[in-house]
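Biologist: Hello! Shall we walk through this one together, step by step?

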Amino acid sequence: MRQTQDARFRRERAQYRLRFCCESCVHFDPERERCGNGYPTDEHRRARYREAVPGAGWAALVFCKDYELA
């Protein structure tokens, strides 16, 4: 699922402490830096969002369909 990263969403993400990256998922294997279910992680990793600059062509968060909080 893709979610637009607009100002309202950024506020709500901070307010509710939304977690959506692989590193917060129970299926993520931190030693191997990969998904335990074999899904690709490139679009879901924390570093992708830290490096992103809102308003510079980057607009959507990508949620994994099998994400489960640890």
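**A walk through the fold**

Modeller: Happy to, and let's start with His44, which sits in the loop between E3 and H2. Keep in mind that this is a predicted model.

Biologist: Is His44 buried or exposed?

Modeller: A residue is called buried when its relative accessible area is under 20%. His44 has a relative accessibility of 10%, so the word for His44 is buried.

Biologist: Now for Arg45. Where is Arg45 placed, and is it buried or exposed?

Modeller: Arg45 is in the loop between strand E3 (34-35) and helix H2 (46-51). The cut-off for buried is under 20%. Arg45 comes out at 17% relative accessibility, so Arg45 is buried.

Biologist: Which residue does Arg45 form a salt bridge with, and how far apart are the closest N and O atoms?

Modeller: Leaving aside neighbours within four places in sequence, Arg45 is in contact with Cys21, Cys22, Glu23, Phe28 and Glu33. One of these contacts is also a salt bridge partner: Arg45 pairs with Glu33, and the closest N and O atoms are 3.6 Å apart. The pair links distant parts of the chain, with Arg45 in the loop between E3 and H2 and Glu33 in the loop between strand E2 (28-29) and E3, 12 residues apart. The partner is Glu33, at 3.6 Å.

Biologist: What is the phi of Glu33 near?

Modeller: Glu33 lies in the loop between E2 and E3. Its phi is positive, in a residue other than glycine, and the value is near 55°.

Biologist: And what is the phi of Arg17, which is not a glycine either?

Modeller: Arg17 is in the loop between H1 and E2. With a relative accessible area of 70%, Arg17 is exposed. Its phi is positive, at about 50°.

Biologist: Let's step along to Arg46. How far apart are the C-alpha atoms of Arg46 and Cys21?

Modeller: Arg46 is in helix H2 and is partly exposed, with a relative accessible area of 30%. Not counting residues up to four places away in sequence, Arg46 touches Cys21, Glu23 and Ser24. Arg46 and Cys21 are 25 residues apart along the chain, and their C-alpha atoms are separated by 5.5 Å.

Biologist: How are Glu12 and Arg8 separated within helix H1?

Modeller: The two form a salt bridge, with the closest N and O atoms 3.0 Å apart. Arg8 is exposed at 54%, while Glu12 is partly exposed at 30%. Both belong to helix H1 (residues 7-15), and because they are 4 residues apart there, the separation is about one helical turn.

Biologist: What is the N to O distance in the salt bridge of Arg32 and Asp29?

Modeller: Arg32 is exposed, with a relative accessible area of 57%, and Asp29 is partly exposed at 24%. Their side chains meet in a salt bridge, N to O, at 3.9 Å.

Biologist: How many salt bridges does the count come to?

Modeller: Among them are the pair of Glu12 and Arg8 and the pair of Arg32 and Asp29. The count comes to 4.

Biologist: Which residues lie nearest the centre of the largest cavity?

Modeller: The structure holds 1 cavity of 30 Å³ or more, and the volume of the largest is about 100 Å³. Its lining divides into 10 nonpolar, 4 polar and 1 charged. Of the 15 lining residues, those nearest the centre are Cys22, Cys25, Cys35, Thr41 and Cys64.

Biologist: Finally, in what order do the elements of the protein chain run from the N terminus?

Modeller: The protein chain has 2 helices and 4 strands. Of its 70 residues, 26% count as buried. From the N terminus on, the order is β-α-β-β-α-β.

Terms used. Residues numbered from 1 in each chain as written. Predicted model: local features only at pLDDT ≥ 70, side-chain atom pairs only at ≥ 80, totals over all residues. Heavy atoms only, no water. 1 Å grid on protein atoms, 1.4 Å probe; cavity = no way out; pocket = protein on both sides within 12 Å on 5 of 7 lines; lining within 4 Å. Points joined across faces, edges and corners; volume = space filled by probe spheres on them. Nonpolar A, V, L, I, M, F, W, Y, C, P; charged D, E, K, R; others polar. Buried < 20%, exposed > 50% of the residue type's maximum accessible area, 1.4 Å probe, protein only. Contact = heavy atoms within 4.5 Å.
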